[in-house]
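The entries below follow the order in which I looked things up.

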Amino acid sequence: MITFRNSISFKINELWKKDKTVSTLLVPAHLVEALKEKKKDHGKSVAIYFRNLLWKYRNLTHSGMLPDPRKIKTEYQEEGLELRRVSFRVSNADWVEIGELALAFGKSRCWVFTFLLELDLTGFWEMLLESGLNDSVPTHIQLLLRVSWTLERVRSTFAREYYVRV
């Protein structure tokens, strides 16, 4: 078996050269006002709230508790949601993390963000706090996220893998 690997990696100083770049998410119209309120609670910054969502729900996302992919292709948000563009300056690390989650679970970044936003709006964080499950996944510096896909055409199989090393 021959394995080819994309060997392009980015040095930390290159990755952080432009730490915050403009990114855009599509948010359902019915959630835009709630997002604006959350933005006010986080220093008028969508980027801070975005990072907060990734941190708060890491025990779910890093435990593989996002909904399973329903198809092989990337799953996007449902039609008819009247999606609105929300642009903000997000840190590269946060954008990469949500990208890894999206890739691993067969979803778009917008889908994952909307899922986390809806969890937050329903008070799920408070339930995690009450149950003591809010810190079940370590988030220390040795955390490693790795996503891989396996396609075996002969056996007609396709698999996604999301690996978290703590």
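**Entry 1: the chain as a whole**

I began with contacts in the protein chain between residues at least 6 apart in sequence: 79% of them join residues at least 24 apart. I note that the model is predicted.

I then looked up the secondary structure of the protein chain, which comes to 7 helices and 4 strands. Along the sequence I read the pattern α-β-α-α-α-β-α-α-α-β-β.

For burial, I found that 35% of the 166 residues in the protein chain are buried. I recorded an accessible surface of about 11400 Å² for the protein chain, with 54% of it belonging to carbon and sulfur atoms.

**Entry 2: helix 3**

I turned to helix 3, residues 46-56. Its buried residues are Val 46, Ala 47, Tyr 49, Phe 50, Leu 53, Leu 54 and Lys 56. At the N-terminal end of helix 3 I found Ser 45 as the cap, with a side-chain oxygen 3.3 Å from the backbone nitrogen of Ala 47.

**Entry 3: helices 5 and 6**

At what angle do the axes of helix 5 and helix 6 cross? I looked up helix 5 (residues 92-105) and helix 6 (residues 109-121): their axes cross at roughly 100° and come within 8 Å. Helix 5 is therefore roughly perpendicular to helix 6.

I listed the residues that make this contact: helix 5 contributes Trp 95, Ile 98, Gly 99, Leu 101 and Ala 102, and helix 6 contributes Arg 109, Val 112 and Phe 113. Sorted by class, the contact of helix 5 with helix 6 has 6 nonpolar, 1 polar and 1 charged residues.

Conventions:
Residues numbered from 1 in each chain as written. Predicted model: local features only at pLDDT ≥ 70, side-chain atom pairs only at ≥ 80, totals over all residues. Heavy atoms only, no water. Axes fitted to C-alpha atoms, helices over the stretch in contact; angles between N-to-C directions. Helix = DSSP H or I, 4+ residues; strand = E, 2+ residues; numbered from the N terminus. Parallel < 35°, antiparallel > 145°, perpendicular 65-115°, else oblique. Contact = heavy atoms within 4.5 Å. Nonpolar A, V, L, I, M, F, W, Y, C, P; charged D, E, K, R; others polar. Buried < 20%, exposed > 50% of the residue type's maximum accessible area, 1.4 Å probe, protein only. Areas by Shrake-Rupley, 256 points an atom, 1.4 Å probe, with all protein chains shown as cover. Polar contact = N/O pair within 3.5 Å; in protein donor to acceptor, adjacent residues only side chain to side chain.
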